[in-house]
There are 2 protein chains.
Amino acid sequence: MERIRLGIVGMGNMGCGHADYLTKGAVKGVELTAVADQSREKLNQAVSRFGEHLKTFTDTEDMYRSGTVDGVLICTPHYDHPPEAIKALKYGLHVLIEKPAGVYTKQVREMNEAAAASGKVFGIMYNQRSNPLYAKLRELIVSGELGEVRRTNWIITNWYRSQSYYDSGGWRGTWAGEGGGVLINQDPHQLDLWQWTTGLKPKRMRAFCSFGKYRNIEVENDVTAYVEYENGATGVFVTSTFESPGTNRFEVSGERGKIVVEDGKLTFWRLRQPETEFNAMYQGGFGQPECWKIDIPVKQEEGQHRAITQDWADAILHGKPLLAPGEEGIHGLMLSNAMLLSTWINDWVDFPIDEDLFYEKLQERIRESTFRKPQTEGITLDVSGTH
Amino acid sequence: MERIRLGIVGMGNMGCGHADYLTKGAVKGVELTAVADQSREKLNQAVSRFGEHLKTFTDTEDMYRSGTVDGVLICTPHYDHPPEAIKALKYGLHVLIEKPAGVYTKQVREMNEAAAASGKVFGIMYNQRSNPLYAKLRELIVSGELGEVRRTNWIITNWYRSQSYYDSGGWRGTWAGEGGGVLINQDPHQLDLWQWTTGLKPKRMRAFCSFGKYRNIEVENDVTAYVEYENGATGVFVTSTFESPGTNRFEVSGERGKIVVEDGKLTFWRLRQPETEFNAMYQGGFGQPECWKIDIPVKQEEGQHRAITQDWADAILHGKPLLAPGEEGIHGLMLSNAMLLSTWINDWVDFPIDEDLFYEKLQERIRESTFRKPQTEGITLDVSGTH
């Protein structure tokens, strides 16, 4: 294949964002040929905005079997990512899905199995993996510069969302519509990066979610999670949507020092001697290893959607390994599911989590929801500045 | 009274530190007249260092009834603070105790009751309350500048302690000797400031302690605690002794912005309009209140022991209210006890904690301890730079 004919599924905010850079030719080897959406109006808008040549489909399966696309980029609501991916894979298409991988891991595991069986290229839009800050953090950990990790701490509370944001779509902030709150909508990148940059495997977690705090919503918008990793390290993840201006600070402490990513900067406090070695030799009272504070040079750029689409195209066209394999979407989602589950059962959750139990508890919430909010659906928000 | 004749009880590191500035006349209205210690050698050293005129006592009760002192500064090992304070109060003396107030709240409550009944001035060496950074933080919260507090987060992991530190005294890092680890020895100031600066009342807590992590000790040296306050706010406290260089960062988020105390600086991200007000009015998608980043001017000085001793003396001599009343020592200690208790029972702990249960569990640890370490007792550490 020399050129991938791409279809976009779901022409909401994110779908249009992808169509925009694709029609400008920003991704080599990819041509946008088709768009699908349940709304005929949205399809018409897409055609007038992105080109009369686009094939349009109100039924996604019609698109998958139409012969007009070699791969699809799935930008539907969260719940539909796995079923749409599975369908597209069955029709022999390559698949790139928006984040999150899905709402519950049980569903995502099925998608992963379908992808593995298909032999097709399956990617996920974890564009923050291409953010030089986090790519560098991972490199410093993987290369051993930081030594064994002993603690992680991410405060990611700069997801301010007003009540009017939640009111802008009937599905927002509901169990039936989104399957969760800040964890499923705002945090998927951080939850992925938390595990991807450190490479740590969680062993068990205890988490504390508040639901509809200072906001008229039914889902979680305030979370503190504590995790114990297989190597004995511990970690904390704090997130919310009501704090202004909020914080985005990720600290990783290791045997050879400490790294903090904050305000677009990566700072490495580097020990000249590993702590373990120092501790074994030192005979004094209050001493500690010599430490250098280092500003690690990192390009000031955000992770780009375009870069992930290019990466996925290169994997299809040239067999390059994916930066963000779709199968890895389950890791961040399992952290997210674990946080809710631990809150719901008011107890520890071991990894891998009990997927059936999570599914059951989620269904309970959907079934028993009495939450009604003012219907102001249909407002299209300007998503510039979001990821 | 025009002049307080002061006795110091316990001439270890801290006792000598206090004697040093007192003999230099650094505290107005106070004269050091006597010292007590079980060790005759330490008393001899004290006399040769701080003056031949000092009365010396190997039995503290002899000092209390000797008529040579009007007040005492108690610098014994932690466990002895309450019984010594109670004894001194009974002899009609004013009392200033070193931190922590004690090892378990049951014991400290008895001390508080004795102090209340005595009518004497009872203070605690919470010198960090005189640190301009934390005094300013408290002022900004108490005055309403920050609005209602919604989250607290203190990462205090810069208590690096090597194995040789723990080995320098047989009592260090043992249940029988100290009654705890980082919480009882290193963190009392932060635990006090955590509650004193914010004024928040804890409702329940879930905490996770690790014991003897990367170190040959039996007590906790790695703690993550999650707290829910009566007003609905939440908080996190993370502390350890094996991280180098570690972090000391205290963030408080409120309805009117966010304050961070770190690296000797206080930064206030101040909203022009309270978040609640903005949220009630705003009709858009991703907006948030206008925010100013403000560097609050704060003098670069540590909280001083001398200042607390002066404050206590002024309370005795001039009836001024205490900055650090002894009765308030129980608040920080209860947080510390709650963290251990939650770990031991692997469950939530409600406030006020079950003091008998904590006492019982602590006695179990002392009774069942099989921990033995190399005896290198008697090394005197240079404590400059500690609080």
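User: How are chain A and chain B related to each other?

Analyst: In general, two copies of a chain are related by a rotation about an axis and a shift along it. In this predicted model, chain B is superposed on chain A by a rotation of 180 degrees with 0.0 Å of shift along the axis, and the RMSD is 0.0 Å. The two copies are thus related as by a two-fold rotation axis. The same surface serves both copies, since 100% of the contact residues of chain B recur in chain A.

User: How many residues are in contact between the chains, and how much area do the chains bury between them?

Analyst: The contact involves 58 residues of chain B and 58 residues of chain A. Together the two chains bury about 4900 Å², of which 49% is on carbon and sulfur atoms. On the side of chain B, Arg151(B), Tyr160(B) and Phe286(B) supply 15% of the area buried against chain A, more than any other three residues.

User: Which residue forms a salt bridge with Arg151(B)?

Analyst: The partner is Asp222(A), with the closest N and O atoms 2.7 Å apart. Between chain B and chain A the count is eight salt bridges. A charge can also sit over a ring, as in the case of Arg150(B), whose charged end lies over the ring of Tyr214(A) at 3.9 Å from its centre. Within chain A, Arg204(A) lies over the face of Trp348(A), 3.4 Å from the ring centre.

User: How should I read the aromatic pairs, and how many are there over all chains?

Analyst: The idea is to take the distance between ring centres together with the angle between the planes, where over 60 degrees counts as edge-to-face. Over all chains there are 33 aromatic pairs. One of them joins Phe208(A) and Trp348(B), which are edge-to-face at 5.2 Å centre to centre with 65 degrees between the planes. This pair crosses between chains, from strand β8 (residues 202-211) of chain A to the loop between α12 (329-345) and β15 (349-350) of chain B. Both Phe208(A) and Trp348(B) are buried.

User: What does the pair of Tyr104(B) and Tyr359(B) look like, and which parts does it tie together?

Analyst: That pair is tilted, at 4.8 Å centre to centre and 55 degrees between the planes. Tyr104(B) lies in the loop between β5 (94-97) and α5 (105-118) of chain B, and Tyr359(B) lies in helix α13 (residues 355-368) of chain B, so the pair ties together parts that are 255 residues apart in sequence. Tyr104(B) is buried at 13% relative accessible area, whereas Tyr359(B) counts as partly exposed at 28%.

User: Is Val298(A) buried or exposed, and which residues does it touch?

Analyst: Val298(A) counts as buried, because its relative accessibility of 18% falls under the 20% cut-off. Its place is in the loop between β14 (291-296) and α11 (305-318) of chain A. Leaving aside residues up to four places away in sequence, Val298(A) touches Pro132(A), Leu133(A), Lys136(A) and Leu266(A).

User: Why is helix α4 of chain A described as largely enclosed?

Analyst: Seven of the 10 residues of α4 (residues 81-90) of chain A are buried, so the helix is largely enclosed by the rest of the structure. The buried residues include His81(A), Glu84(A) and Leu89(A). What covers them includes α3 (60-64), β4 (71-74), β5 (94-97) and α5 (105-118) of chain A. After α4(A) comes Gly92(A), whose phi is positive, near 80 degrees.

Methods: Residues are numbered from 1 along each chain as its sequence is written. Chains are lettered from A and ligands numbered from 1 in the order in which they are written. This is a predicted model: local features need pLDDT of at least 70, side-chain atom pairs count only at pLDDT 80 or more; totals for chains, interfaces and linings use all residues. Side-chain values use heavy atoms; hydrogens and water are left out. Rings of Phe, Tyr and Trp (its six-membered ring) pair if their centres lie within 6.5 Å; planes under 30 degrees apart count as stacked, over 60 as edge-to-face and the rest as tilted. Helices (H or I, at least four residues) and strands (E, at least two) are DSSP runs, numbered from the N terminus. Buried means under 20% relative accessible area, exposed over 50%, partly exposed in between (1.4 Å probe, protein chains only). A charge sits over a ring if NZ of Lys or CZ of Arg is within 6 Å of the ring centre and within 35 degrees of the ring normal. Copies are superposed by least squares on the C-alpha atoms of residues with pLDDT of at least 70 in both. Contact means heavy atoms within 4.5 Å. Buried area is the accessible area (1.4 Å probe) that two parts lose on being put together, summed over both. A salt bridge is a side-chain nitrogen of Lys or Arg within 4 Å of a carboxyl oxygen of Asp or Glu.
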